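Subject: The two-chain model, with notes

Hi,

Here is the structure I promised to pass on. Have a look at it first, and then read my notes below.

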Amino acid sequence: MAKLKVEDLKRIKESMKGTVNLRQGDYRVKVTVHMGTCGIAAGARKLMTALLEKLEKSGATDIILTSSGCAGLCNHEPMITVEAKDSAPVKYVKLDPDKVARIFDEHVAGGHPVAEYALSIGSETTY
Amino acid sequence: MQDLSLHILDIAENGIRAGATLIEIDISEDIGKDTLQICIKDNGHGMDAEMLRRATDPFVTTRTTRRVGMGLPLLKQAAEETGGDLLITSELGKGTRVVATFRKSHIDRRPLGDMGATLTTLIMGNPDLDFRYASNLHEKEVEVDTRSIRKELNGVMTINNPAVIALIRDLFNKGED
């Protein structure tokens, strides 16, 4: 029977000592993976796994990774929404693990949205 | 859906949308009867008899973002393709229980897939909810209960901390299914 060991939890608790954990509520960037039936069937879970890996490697404590349901744009799945504090949320569409890794580096960590994967940036016309 | 773990993720999300605070997932097999059974139970607000009757109709959904709901119909199809079935019981105010039974050796029975990814995705996305997972399979037995992990962490760190998630993932990494 594979079960979590109390010693392992104690060990990581010890390693947390002295670091400030912002994950309790306050955050700088929130990344939401859309997990409706449509998203899941299109590969949303792979995005979550890829983002989790990036988050773990980065060691950042001011980034929240979470999930939500279907956003009603099923043909664009899998999608994520990146919300940085004090700037408009950006929805990224038709993603894969490589694309989200780039979004993590450039937008989530770097603060610069990746226009080519976004649902719409600069697509508004004024005619 | 490529494998059963993706179905489980999807059905568990239903429970979360139904306001559940605890989702219980049990996977078991009976070698003698050649069955693989998945049970997903939530303590959300449940369905009335009319909604329950229509739950596996793909053109019925509670959400407003789209007009079709494929989650339960797809799981029903996956189970029935193997000669199994899908059983849903629900009570208003108490929750819903979905039991999918598969003929384990049937050629159309999809593999269980990556349950570690499903469970960690659920916990990451819903750190305030509790999940209990138990698989009782010939190849592997895994047990995870976020209530006891939470108690052990004692507020020092949250359950969606990448280090905790990595520990949970490792329980599955020795290869399930």
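Before anything else, a word on pairing: two strands count as paired if DSSP finds at least two bridges between them. That matters for a spot where the chains meet: A:Lys3 has B:Glu143, in E6(B), as its bridge partner. Two bridges link E1(A) with strand E6 of chain B (residues 141–145), and these strands run parallel. Do keep in mind that this is a predicted model.

**Where the chains touch**

On the chain A side, 31 residues are in contact with 38 residues of chain B. Which elements of chain A give two or more residues to that side? They are strand E1 (2–3), helix H1 (6–16), helix H2 (37–42), H3 and E3. Sorted by class, this side of chain A holds 17 nonpolar, eight polar and six charged residues.

**Chain A**

Chain A has four helices and five strands. Read from the N terminus, its elements go β-α-β-α-α-β-β-β-α. Of the 127 residues in chain A, 35% are buried. Among the chain A contacts with a separation of 6 or more, 65% are between residues 24 or more positions apart.

Four of the strands make an open sheet with mixed pairing, in the order E3-E2-E4-E5. Strand E3 (63–68) and strand E5 (90–92) of chain A sit at the edges with a single partner strand each, so each of them has one side without a neighbour in the sheet. On average, neighbouring strands here are turned by 20° against each other, ignoring direction.

At the E5 end, strand E4 of chain A (residues 80–84) is joined to E5(A) by three bridges, and the two run antiparallel. If you want a residue pair to look at, A:Thr81 has A:Lys91 in E5(A) as its bridge partner.

Two helices pack on this sheet. Helix H3 of chain A (residues 44–58) touches strand E2 (29–34), E3 and E4 of chain A, and its direction makes about 155° with that of E2(A). Helix H4 of chain A (residues 97–109) touches E2, E3, E4 and E5 of chain A, and its direction makes about 10° with that of E4(A).

In soluble globular proteins, nonpolar side chains tend to be buried together. In this model the largest nonpolar core has 75 residues, and A:Leu51, A:Ile80 and B:Ala12 are the ones that touch the most other members. Which element gives the most to this core? It is helix H1 of chain B (residues 4–17), with seven residues. As for B:Ala12, once its neighbours within four places in sequence are set aside, this residue is in contact with B:Ile23, B:Ile25, B:Ile40 and B:Leu122.

**Strands in chain B**

Strand E4 of chain B (residues 95–103) is joined to strand E2 of chain B (residues 35–42) by eight bridges, and they run antiparallel. One pair to find there is B:Cys39 with its bridge partner B:Val99 in E4(B). Strand E3 of chain B (residues 85–91) is also antiparallel to E4(B), with seven bridges between them. Here B:Ile88 stands opposite B:Val98 in E4(B). The hairpin of E3(B) and E4(B) has three residues between the strands, and B:Gly93 takes a positive phi near 85° in it.

Happy to go through any of this with you.

Cheers

Note on methods. Residues are numbered from 1 along each chain as its sequence is written. Chains are lettered from A and ligands numbered from 1 in the order in which they are written. This is a predicted model: local features need pLDDT of at least 70, side-chain atom pairs count only at pLDDT 80 or more; totals for chains, interfaces and linings use all residues. Axes are lines fitted to C-alpha atoms, for helices over the stretch in contact, and angles run from 0 to 180 degrees between N-to-C directions. Two residues are in contact if their C-beta atoms, placed from the backbone, lie within 7 Å. A residue is buried if 20 or more other C-beta atoms lie within 10 Å of its own, exposed if 12 or fewer, and partly exposed in between; C-beta atoms are placed from the backbone. Ala, Val, Leu, Ile, Met, Phe, Trp, Tyr, Cys and Pro count as nonpolar, Asp, Glu, Lys and Arg as charged, and the others, Gly among them, as polar. A nonpolar core is a set of buried Ala, Val, Leu, Ile, Met, Phe, Trp, Tyr and Cys residues joined through C-beta atoms within 7 Å.
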